[in-house]
Amino acid sequence: MRAAHSASVLVLNKSDIVTPTEYESCRAVIEAFNQRTQPVRSEYGKVDVTSLVDAPLSGHGSLPNPHEVLSSRRWVQNLTSASAATTTPEATFSTFVYERRRPFHPLKLRWFVMHKYHTLHILRSKGFCWLATRNDFQGEWSGAGASLTVDSMCRWYSSVNEQEWVRAGLSASSRAACEKKCLGEHGDRRQELVFIGMEALDEAAITKELDACLVDEEQMEGGADRWASFEDP
């Protein structure tokens, strides 16, 4: 799952022990994560080496550009587009983006990760998140199947002063993109998560569970100084 969204070639082994429909469903899942990936069918681990060596060059004339591969990830596209579903003859994928301008409470989020996430039929989830106790740091949310990790990614744009951005050499276009995301006193801090699943993906249920992880209105008014006192496992 994790390799699928950035690989240029993927080998689908043991293709002989599944039905044509099952194989096409697997291929469709991979393409839902990365439209540039070229699946190579294999049985008993037997693969034509030329199909691996030459595949990245096929139709492109050069090796894949890393930036193009990153931007082709379906979760990135869904954060910047209004598309809500991907349909193929073999499988139907539901996609939606969860957006909120309120931080997650760490204890509530841990409970969700441990007890709820794996029950929601999510194939892939990815994006940026805001944790109340780490107010200056952008979280990177990454889920594949039942596995979910939340790591520190970088600082929120609005938590860094002007001089620091100048020293960092952030381009004018990148700064403009960050500034477009800024809203109110909390700037660009936000929840912006894309979820991909099969037909069973329940947007309302996932949204309800995530909303329950947010700090409540009273805690929100307390601000970052109060949030810093929350227990953070």
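Visitor: Which residues of helix H9 are buried?
Guide: This is a predicted model. Helix H9 covers residues 217–227. Buried here requires under 20% relative accessible area. In H9, the buried residues are Gln219, Met220, Gly223 and Trp227.

Visitor: What do the buried residues of H9 pack against?
Guide: Trp227 is one of the buried residues of H9. The partner of this buried set is a helix, H5.

Visitor: Which backbone nitrogen does aspartate 216 reach at the start of H9?
Guide: Aspartate 216 uses a side-chain oxygen here. That oxygen comes to within 3.2 Å of the backbone nitrogen of glutamate 218.

Visitor: Where do the buried residues of H5 sit around the axis, and why?
Guide: Pro106, Leu109 and Phe112 are buried in H5. They cover an arc of only 125° around the axis, so they lie on the same side of H5.

Visitor: What do the buried residues of H5 pack against?
Guide: Leu109 is among the buried residues of H5. The buried residues have two packing partners, a strand and a helix: S6 and H8 (203–211).

Visitor: Which residues of H8 are exposed, on the other side from the buried ones?
Guide: Start with the buried ones: Ile206, Thr207, Glu209 and Leu210. They span an arc of only 165° around the axis, which puts them on the same side of H8. On the other side, the exposed residues are Ala204 and Lys208.

Visitor: Which residue's backbone nitrogen is reached by aspartate 202 at the start of H8?
Guide: The reaching atom is a side-chain oxygen of aspartate 202. It gets to within 3.2 Å of the backbone nitrogen of alanine 204.

Visitor: Which strand gives the most to the lining of the second largest pocket?
Guide: The second largest pocket has 16 lining residues. With 5 residues, the top contributor is S7.

Visitor: How many residues in that lining of the second largest pocket are nonpolar?
Guide: Leu109, Leu131, Arg134, Val150 and Asp151 lie nearest the pocket's centre. The pocket holds about 360 Å³ of space. Its lining has 4 charged and 4 polar residues, and the nonpolar count is 8.

Visitor: Is threonine 149 buried, partly exposed or exposed, and why?
Guide: Threonine 149 lies in strand S7. Buried means under 20% and exposed means over 50%. Threonine 149 has 31% relative accessibility, so it counts as partly exposed.

Visitor: What separates the C-alpha atoms of threonine 149 and glycine 139?
Guide: The two residues are 10 residues apart along the chain. Their C-alpha atoms are separated by 9.9 Å.

Visitor: With which side chain does threonine 133 make a polar contact?
Guide: Threonine 133 lies in the loop between strand S5 (122–129) and S6. Leaving out residues up to four places away in sequence, it touches Pro106, Trp227, Phe230 and Asp232. The polar contact, at 2.6 Å, is with the side chain of aspartate 232.

Visitor: What is phi of histidine 121 near?
Guide: Histidine 121 lies in the loop between H5 and S5. At a relative accessible area of 53%, histidine 121 is exposed. Most residues other than glycine have a negative phi. Phi of histidine 121 is positive, near 60°.

Terms used
Residues numbered from 1 in each chain as written. Predicted model: local features only at pLDDT ≥ 70, side-chain atom pairs only at ≥ 80, totals over all residues. Heavy atoms only, no water. 1 Å grid on protein atoms, 1.4 Å probe; cavity = no way out; pocket = protein on both sides within 12 Å on 5 of 7 lines; lining within 4 Å. Points joined across faces, edges and corners; volume = space filled by probe spheres on them. Helix = DSSP H or I, 4+ residues; strand = E, 2+ residues; numbered from the N terminus. Nonpolar A, V, L, I, M, F, W, Y, C, P; charged D, E, K, R; others polar. Buried < 20%, exposed > 50% of the residue type's maximum accessible area, 1.4 Å probe, protein only. Arc of directions from axis to C-beta. Contact = heavy atoms within 4.5 Å. Polar contact = N/O pair within 3.5 Å; in protein donor to acceptor, adjacent residues only side chain to side chain.
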